[in-house]
Amino acid sequence: MTGDSVAAAARAYEAIKSSIIECRYPPGSKISEARLVEELGVGRSPIRTALARLRGEGWVDVSPQSGSYVKALSEKEIQEIFDFRILLEAHVAGLAARNIGEEQIRALNRALLQARALEKDGDDKATFDEFDRFDSIVHAAIYEAAGNSLMSGVLQNLLEKAQWLKKATSPSTPARMKTWFKELERIVKALEARDPDLAARRITEHIGKAADFEIHFASEQSRAAKRVRAA
């Protein structure tokens, strides 16, 4: 591939993945190469390169007969994502608690204050999006402070899948957002205390509760779909 083709494939990859995470392409929906060519202004070759990369990362399924589809995760696959996150992220959070710097702590506390103000916000959609951003800030700070680029790369992909699942399968209830905020606040305080064991416990609790929440709603959706098919 030429330099221009590589750049075009990279742009296509980022655009398609963003559309999947934001649920503009819902789970199970077909991905039209012709539509992507028109929307993104690139040729079919970069689109196919991008789709192959997304398939390798578990975002897309490809059928030789019918084309590419956004992957629809089973309850088992959702559980596996969260199990793997807990295994890696507990270790990474412990490393981060040992290594995190003062400026990183100050940045987290500034983000914490901004997120706390949102608890009184009347716009649930805006609040969910901002809490989701705060969640990303906390996890990004942990990955950076841990200093393990290999683990961070794997965890970033898993975190993006978890963010996608939140938007694709579960409602952003005020009660869940309040609990979510408290969990993140405890993680920040554990990092600030430079307590590796506490940071590992807090991140495990946070991811474990998220797993329970996502699997519950995925199960509800699966049962609802079966009732529709049986009707």
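The largest cavity of this predicted model has a volume of about 110 Å³. A cavity here is a set of points, on a 1 Å grid over the protein atoms alone, where a 1.4 Å probe fits but cannot get out. Its volume is the space filled by probe spheres set on the points, which are joined across faces, edges and corners. The structure holds 4 cavities of 30 Å³ or more.

Because the model is predicted, local features need pLDDT of at least 70 and side-chain atom pairs count only at pLDDT 80 or more, while totals for chains, interfaces and linings use all residues. Residues are numbered from 1 along each chain as its sequence is written, and side-chain values use heavy atoms, with hydrogens and water left out.

**Lining of the largest cavity**

- Two or more lining residues come from each of helix H4 (75–99), helix H6 (124–146), helix H7 (149–169), helix H8 (174–192) and helix H9 (196–230).
- The lining comprises 5 nonpolar, 2 polar and 5 charged residues; Ala, Val, Leu, Ile, Met, Phe, Trp, Tyr, Cys and Pro count as nonpolar, Asp, Glu, Lys and Arg as charged, and the others, Gly among them, as polar.

**Overall fold**

- The chain contains 9 helices and 3 strands, taken as DSSP runs (helices H or I, at least four residues; strands E, at least two) and numbered from the N terminus.
- Along the sequence, these elements follow the pattern α-β-α-α-β-β-α-α-α-α-α-α.
- Of the 231 residues, 43% count as buried, meaning under 20% relative accessible area with a 1.4 Å probe and protein chains only.
- Among contacts (heavy atoms within 4.5 Å) with a separation of 6 or more, 76% join residues 24 or more positions apart.
- The accessible surface, from the Shrake-Rupley method with a 1.4 Å probe, is about 11,800 Å², and 54% of this belongs to carbon and sulfur atoms.

**The sheet**

- An open, antiparallel sheet is formed by 3 strands in the order E1-E3-E2; two strands pair if DSSP finds at least two bridges between them.
- Strand E1 (30–31) and strand E2 (60–63) are the edge strands, each pairing on one side only.
- E2 is joined to strand E3 (residues 67–70) by 4 bridges, and Ser 63 stands opposite Gly 67 in E3.

**Ser 19**

- Ser 19 belongs to helix H1 (residues 3–21) and is buried, with a relative accessible area of 9%.
- Beyond its neighbours within four places in sequence, Ser 19 is in contact with Arg 24 and Tyr 25.

Note on methods. 1 Å grid on protein atoms, 1.4 Å probe; cavity = no way out; pocket = protein on both sides within 12 Å on 5 of 7 lines; lining within 4 Å. Buried < 20%, exposed > 50% of the residue type's maximum accessible area, 1.4 Å probe, protein only.
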